[in-house]
Amino acid sequence: MDGIRYAVFTDKSIRLLGKNQYTSNVESGSTRTEIKHWVELFFGVKVIAMNSHRLRGKARRMGPIMGQTMHYRRMIITLQPGYSIPHLRKKRT
């Protein structure tokens with residue numbers, strides 16, 4: 001898993017699952033073609049479209065020092081009809 005960090009499960013991403021679109025956070029330096037190639041190889045699916053946007057890191061304070069979390073990129077991957085990606089969810093304990 002070189003470029004993809006983890007799948008995102010928000011209200012919008014769950015709604016997009018009905019349209020065969022999957023949302024995940026990826027490395028900020030990875031390109032769309034790298035992610036497309038990796039998803040098609042690893043999951044054995046056909047990607048027809050990819051949308052992406054960059055999300056800024058949040059400001060965090062550690063005592064008197066002000067810092068910021070890392071920036072990241074979010075991809076919305078649309079698959080051809082008939083293909084799907086199995087979800088890997090952790091059980092909450």
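**Exercise 1. The chain as a whole**

What does the accessible surface of the chain come to, and what percentage belongs to carbon and sulfur atoms? Then describe the fold order and the extent of the chain.

Solution. The model is predicted: local features need pLDDT of at least 70, side-chain atom pairs count only at pLDDT 80 or more, and totals for chains, interfaces and linings use all residues. Residues are numbered from 1 along each chain as its sequence is written, and side-chain values use heavy atoms, with hydrogens and water left out.

Step 1. The accessible surface is about 7,100 Å², and 54% of this belongs to carbon and sulfur atoms. Areas come from the Shrake-Rupley method with a 1.4 Å probe; for residues, only the protein chains shown count as cover.

Step 2. The chain has 2 helices and 6 strands, in the order β-α-β-α-β-β-β-β from the N terminus. Helices (H or I, at least four residues) and strands (E, at least two) are DSSP runs numbered from the N terminus.

Step 3. Along the principal axes, the C-alpha atoms fill a box of roughly 55 × 35 × 20 Å.

Step 4. Of the 93 residues, 30% are buried. Buried means under 20% relative accessible area, exposed over 50%, and partly exposed in between (1.4 Å probe, protein chains only).

Step 5. Among contacts with a separation of 6 or more, 59% join residues 24 or more positions apart. A contact means heavy atoms within 4.5 Å.

**Exercise 2. Helix 2**

Which residues of helix 2 are buried, and which are exposed on the other side?

Solution. 

Step 1. Check the length. Helix 2 covers residues 32–43, and its 12 residues should span 16 Å at 1.5 Å a residue; the end C-alpha atoms are 16 Å apart, which agrees. The expected span is 1.5 Å times one less than the number of residues.

Step 2. I35, W38 and V39 are the buried residues asked for. They lie on the same side of helix 2 because they cover an arc of only 100 degrees around the axis. The arc is that of the directions from the helix axis to the C-beta atoms.

Step 3. Recall the general rule: an α-helix has 3.6 residues a turn, so residues three or four places apart point the same way.

Step 4. T33, H37 and L41 are exposed on the other side of helix 2.

Step 5. The buried residues of the helix pack against strand 1 (4–7), strand 2 (21–26), strand 3 (47–55) and strand 6 (72–79).

Step 6. Just after helix 2, G44 takes a positive phi of about 70 degrees.
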